[in-house]
Amino acid sequence: MKISSVATERLVLYPMSVGAAERVVAQEPGDGDLWAEGYPRDGDVRALTGFLRGVAERGDPGVFRHYEIRLDGVVVGGIGFHGPPDEVGFATVGYGLVPGVRGKGYASEALRALIEVARQGGASGVKGDADIANPDSHRVMEAAGMPCVAEDDTLRHFSLGF
């Protein structure tokens, strides 16, 4: 299964290519890259460094990759998988938006679309976690249909099986 893009009501998720990921990691936009103020954030650089390492080790990840989140054609953040599904078929998700577009439901909207990508890609479910001190991220996962399933001293864990 190959995805050229995933459209939601207000956003478009574009699969990250190796070249685009390299530009984000270098924090140097290429011709035609439209990045919102504040993009890329440190989390984007870390996620795409991991994406590039995964491609080098395992090859193209298919749908279980990183995606740009675009609003009106401008990259406002990223969302994606931390790699292929684990031994029980669950794919770990992560996401982030630039501060200027937070609080408008975009992250939950993008996460709902990514959950559907995982479902269609054959995963058994999705999981994610967020720092205890990050209630905004808790709300994003809950709004996307991922209930909290565990909590420890530092993290809340969310999961949704299909």
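**Fold, salt bridges and backbone features**

Mentor: At 33% relative accessibility, Arg 10 counts as partly exposed. Please bear in mind that this is a predicted model.

Trainee: With which residue does Arg 10 form a salt bridge?

Mentor: Arg 10 lies in the loop between strand S1 (6-7) and strand S2 (12-15), and its partner is in helix H3 (residues 106-120), so the pair ties together parts that are 99 residues apart in sequence. The closest N and O atoms of the pair are 2.7 Å apart, and the partner of Arg 10 is Glu 109.

Trainee: How many salt bridges does a search of the whole structure find?

Mentor: Side chains of opposite charge can pair when their charged atoms come close. The pair of Arg 10 and Glu 109 is a salt bridge of this structure. For the whole structure, the search gives a total of ten.

Trainee: How many residues apart are Lys 127 and Asp 86, which link distant parts of the chain?

Mentor: Lys 127 and Asp 86 form a salt bridge, with 2.9 Å between the closest N and O atoms. Lys 127 is partly exposed at 31% relative accessibility, and Asp 86 is partly exposed at 22%. Lys 127 belongs to strand S6, whereas Asp 86 is in the loop between strand S4 (74-81) and strand S5 (90-97); their separation is 41 residues.

Trainee: Asp 136 and Arg 139 are also joined by a salt bridge; what separates them in helix H4?

Mentor: The N to O distance in this salt bridge is 2.3 Å. Asp 136 is partly exposed at 48% relative accessibility, and Arg 139 is partly exposed with a relative accessible area of 48%. Because Asp 136 and Arg 139 are three residues apart in helix H4 (residues 135-143), the separation is about one helical turn.

Trainee: Which residues gather in a patch of negative charge on the surface?

Mentor: One member of the patch is found in strand S6 (residues 125-131), namely Asp 131. Asp 131 is partly exposed at 48% relative accessibility. The patch consists of Asp 129, Asp 131, Asp 152 and Asp 153.

Trainee: Is the peptide bond from Tyr 39 to Pro 40 cis or trans?

Mentor: Pro 40 is placed in the loop between helix H1 (18-26) and helix H2 (42-58). The omega angle of the bond from Tyr 39 to Pro 40 is near 0°, and the bond is cis.

Trainee: What is the phi of Asp 72, which is not a glycine?

Mentor: Asp 72 is in the loop between strand S3 (66-71) and S4. At 73% relative accessibility, Asp 72 is exposed. Its phi is positive, at about 50°.

Trainee: What is the phi of Gln 27?

Mentor: Gln 27 is located in the loop between H1 and H2. Gln 27 is partly exposed, with a relative accessible area of 46%. Its phi is positive, in a residue other than glycine, and lies near 60°.

Trainee: What is the radius of gyration of the protein?

Mentor: The protein has four helices and eight strands, in the order β-β-α-α-β-β-β-α-β-α-β-β. The globule rule gives 15 Å for 162 residues, and the protein is close to that value, so it is as compact as a globular protein of that length; its radius of gyration is 15 Å.

Technical notes
Residues are numbered from 1 along each chain as its sequence is written. This is a predicted model: local features need pLDDT of at least 70, side-chain atom pairs count only at pLDDT 80 or more; totals for chains, interfaces and linings use all residues. Side-chain values use heavy atoms; hydrogens and water are left out. Patches are made of residues with over 30% relative accessible area and no salt bridge: like charges are joined within 9 Å, nonpolar side chains (Val, Leu, Ile, Met, Phe, Trp, Tyr) within 5 Å. Accessible areas come from the Shrake-Rupley method with a 1.4 Å probe; for residues, only the protein chains shown count as cover. A salt bridge is a side-chain nitrogen of Lys or Arg within 4 Å of a carboxyl oxygen of Asp or Glu. Lys and Arg count as positive and Asp and Glu as negative; His and the chain ends are not counted. The place of a charge is taken as NZ of Lys, CZ of Arg, CG of Asp or CD of Glu. Helices (H or I, at least four residues) and strands (E, at least two) are DSSP runs, numbered from the N terminus. Buried means under 20% relative accessible area, exposed over 50%, partly exposed in between (1.4 Å probe, protein chains only). The radius of gyration is taken over C-alpha atoms; the globule rule is 2.2 Å times the number of residues to the power 0.38.
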